[in-house]
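Here are a few exercises to work through with the model open in your viewer. Try each task before you read its solution.

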Amino acid sequence: MTTTLDHLNHCTAAEFVQILHGIYEHSPWIPERAAAQRPFASIHALKLALQTVVSSATEAEQLGLIRAHPELAGKAAIAGELTRESTGEQAKAGLINCSPEEFATLHQLNADYNSKFGFPFILAVKGPDGKGFTRQAIIATFQRRFKNQRADELAECLRQIGRIAELRLNDLLEHSLQFGNTIMAWSETLAAWSDDEDGLTCAYMTDAHQKTAAQLASWMREAGMQVHIDAVGNVVGRYLSDQADAKTLLTGSHYDTVCNGGKYDGREGILLPIAIVRHLHERNEKLPFHVEIIGFSEEEGVRFKSTFLGSNAITGQFDLSLLDKTDADGVSMRAALQAAGHDVSQIPAIARDPAQILGYVEVHIEQGPVLLGRDLPAGIVTSIAGSCRYQVQLRGVASHAGTTPMSMRKDAAAAAAEIILYVEQRCDNGTSLVGTVGQLQVPHGSVNVIPGSCNLSLDIRAADDATRDAAVSDILAKIETICQRRNIEVKVIKAVSAPAAPCAPWLMQQLAAATQRAGLPAFELPSGAGHDAMAIAKMTDVAMLFTRCGNGGISHNPLETMTADDAEISAQILLDFLRNFKRKP
């Protein structure tokens with residue numbers, strides 16, 4: 001007989017523990033402690049409660065849980081001594097069929113890992129989509145994580161145990177995903193089109209970019225939407241209401257990528273609502289407003305060094321002078337658009353009428369570790385950080401490294417080092433404020449010459465402009481002080497100044513209500529990264545829903561990942577949001 005959530009909520013505590021005995025390896029204390037929190041509103045709430053027990057346990061209990069798990073492809077696996085659950089998982093990953101070379105590699109990795117960390121390596125071998133990692137991917141992950149610090153690896157092992165438990169619960173309760181698997185599969189399809197053979201790069205108006213746009217348009221049509229690709233390459237799908245006076249709620253994100261980027265940045269926010277609209281269309285379910293999904297053609301600025309081209313066109317803020325900008329090969333943006341079949345004279349006509357827009361909501365992978373660290377699958381964005389960027393040029397005197405006394409040097413690189421340390425110190429205050437020096441060059445540097453010049457970048461961000469501007473003022477003043485003391489000439493050039501974009505409280509409240517109805521806390525967090533929502537905020541109120549990002553929260557990187565289950569939760573929240581949406585008071 002199938003176990004149900006309702007049965008788990010109403011059975012005795014002893015039966016609850018017995019039913020869930022195989023979810024966490026040899027650790028009945030986890031369901032024992034979670035039982036007191038019943039009833040659970042959803043399977044998501046049950047998963048969160050169990051994992052919260054794990055994260056709030058003592059380190060000794062956590063280590064006991066980790067050590068209760070078998071080694072991957074260890075002797076127990078070969079001898080058939082694993083639990084039924086572990087046997088199935090390792091078999092699905094092919095670990096019982098290792099070649100002698102693979103078995104030897106895994107055996108040595110297991111030994112080295114245990115020696116370094118004092119506990120076994122844990123990996124949810126079914127992977128983020130539930131289909132299973134290849135043996136090669138498992139070995140690569142093993143080797144990568146071996147470089148971690150012990151505290152980070154302990155936390156990662158517990159997260160992997162949480163993923164294993166999540167998948168086992170899905171099997172136990174026969175819980176199938178309505179949207180998550182589709183979103184993951186579609187992401188893989190799009191990831192096959194890249195400007196480069198190695199990794200995923202999808203720059204504006206390249207062949208890969210145009211193939212991606214065509215595929216998005218095809219999925220939108222299959223989902224029952226009216227579809228077109230506009231003059232800047234935005235892929236636009238409209239799911240029409242049957243109400244005569246209906247206005248439009250916007251959603252979407254970008255489908256271009258950074259060089260060698262991730263599969264989900266931007267693209268989740270397009271694919272997820274397409275999957276939802278397809279679900280509505282299959283049920284012949286209409287909403288009292290039009291839903292417009294926009295796959296923005298360009299947000300990252302990779303090819304022409306100009307960001308938000310797609311979303312700026314929607315708001316009527318597209319700068320037509322950008323059409324004359326050229327890429328690294330000397331191809332102008334105008335020529336690239338025309339070669340792709342777009343009529344640039346139609347760009348001004350893309351602008352939407354704000355009076356017909358109800359608002360904008362964007363789903364996006366977090367691109368950071370906050371949700372991951374809190375064991376939460378989704379969160380509500382409060383504000384998108386504004387940024388100030390500068391190029392700083394320092395000029396000292398190049399002189400002989402052996403003959404110039406330390407007290408007489410005008411070392412531009414030493415001044416840069418002091419500036420970098422101050423940026424780190426000033427921005428490390430526990431708020432949303434962050435500061436980064438991402439570029440640092442010593443032109444014509446030589447091992448035996450004191451640096452006479454040094455160039456560095458400066459990027460300061462915060463969720464509110466006052467916090468950011470105060471930090472910028474202090475940093476610029478400190479740069480002047482450092483350079484005066486060191487007799488260094490300085491030139492500071494402002495490259496970017498973008499205001500923060502607060503999310504609209506009335507939209508955030510509705511996302512919060514949908515999150516709580518899913519059985520999850522409505523956790524709020526700022527976004528340190530920029531998003532298309534920043535551009536759309538010039539036209540209408542905006543909100544954002546973040547999906548948890550795995551692998552330590554890394555993004556703009558091939559290691560960027562999320563799970564099908566987390567994508568499912570975000571989709572369920574957005575679907576609930578749409579069904580219960582209320583216009584601005």
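Two residues are in contact when heavy atoms of theirs lie within 4.5 Å. Keep in mind as you go that this is a predicted model.

**Exercise 1**

Find Gln-160, decide whether Gln-160 is buried or exposed, and list what Gln-160 touches.

Solution. 
- Step 1: locate the residue. Gln-160 sits in helix 10, which covers residues 150-172.
- Step 2: check accessibility. Buried means under 20% relative accessible area. Gln-160 has 13% relative accessibility, so Gln-160 counts as buried.
- Step 3: look for contacts, skipping residues up to four places away in sequence. Those that Gln-160 touches are Ile-122, Leu-123, Ala-124 and Arg-145.
- Step 4: look at the side chain. A polar contact of 2.8 Å joins the side chains of Gln-160 and Glu-156.

**Exercise 2**

Stay with helix 10 and describe how helix 4 packs against helix 10.

Solution. 
- Step 1: recall what to report. Two packed helices are described by the angle and the distance between their axes.
- Step 2: read off both. The axes of helix 4 (residues 43-55) and helix 10 come within 10 Å and cross at roughly 145°.
- Step 3: assign the hand. Helix 4 and helix 10 make a right-handed crossing.
- Step 4: name the partners. From helix 4, Ile-43, Leu-46, Lys-47, Leu-50, Gln-51 and Val-54 meet residues of helix 10, including Leu-158, Gly-162 and Leu-169.
- Step 5: sort by class. The contact of helix 4 with helix 10 has six nonpolar, three polar and three charged residues.

**Exercise 3**

Solution. 
- Step 1: In soluble globular proteins, nonpolar side chains tend to be buried together.
- Step 2: The largest nonpolar core has 101 residues, and Ile-183, Leu-216, Ile-274, Ile-276, Met-333 and Phe-577 have the most contacts inside it.
- Step 3: find the main contributor. Helix 21 (residues 564-579) supplies the largest share of this core, nine residues.
- Step 4: look beyond it. A second, separate core of 48 residues includes Leu-20, Leu-63, Cys-98 and Leu-173.

**Exercise 4**

Where is Leu-507, and is Leu-507 buried or exposed?

Solution. 
- Step 1: Leu-507 belongs to helix 19, residues 505-517.
- Step 2: with a relative accessible area of 0%, Leu-507 is buried.
- Step 3: leaving aside neighbours within four places in sequence, the contacts of Leu-507 include Tyr-360, Val-542 and Phe-577.

Note on methods
Residues numbered from 1 in each chain as written. Predicted model: local features only at pLDDT ≥ 70, side-chain atom pairs only at ≥ 80, totals over all residues. Heavy atoms only, no water. Helix = DSSP H or I, 4+ residues; strand = E, 2+ residues; numbered from the N terminus. Buried < 20%, exposed > 50% of the residue type's maximum accessible area, 1.4 Å probe, protein only. Polar contact = N/O pair within 3.5 Å; in protein donor to acceptor, adjacent residues only side chain to side chain. Core = buried A, V, L, I, M, F, W, Y, C linked by side-chain atoms within 4.5 Å. Axes fitted to C-alpha atoms, helices over the stretch in contact; angles between N-to-C directions. Left-handed = near helix turned anticlockwise from the far one by under 90°. Nonpolar A, V, L, I, M, F, W, Y, C, P; charged D, E, K, R; others polar.
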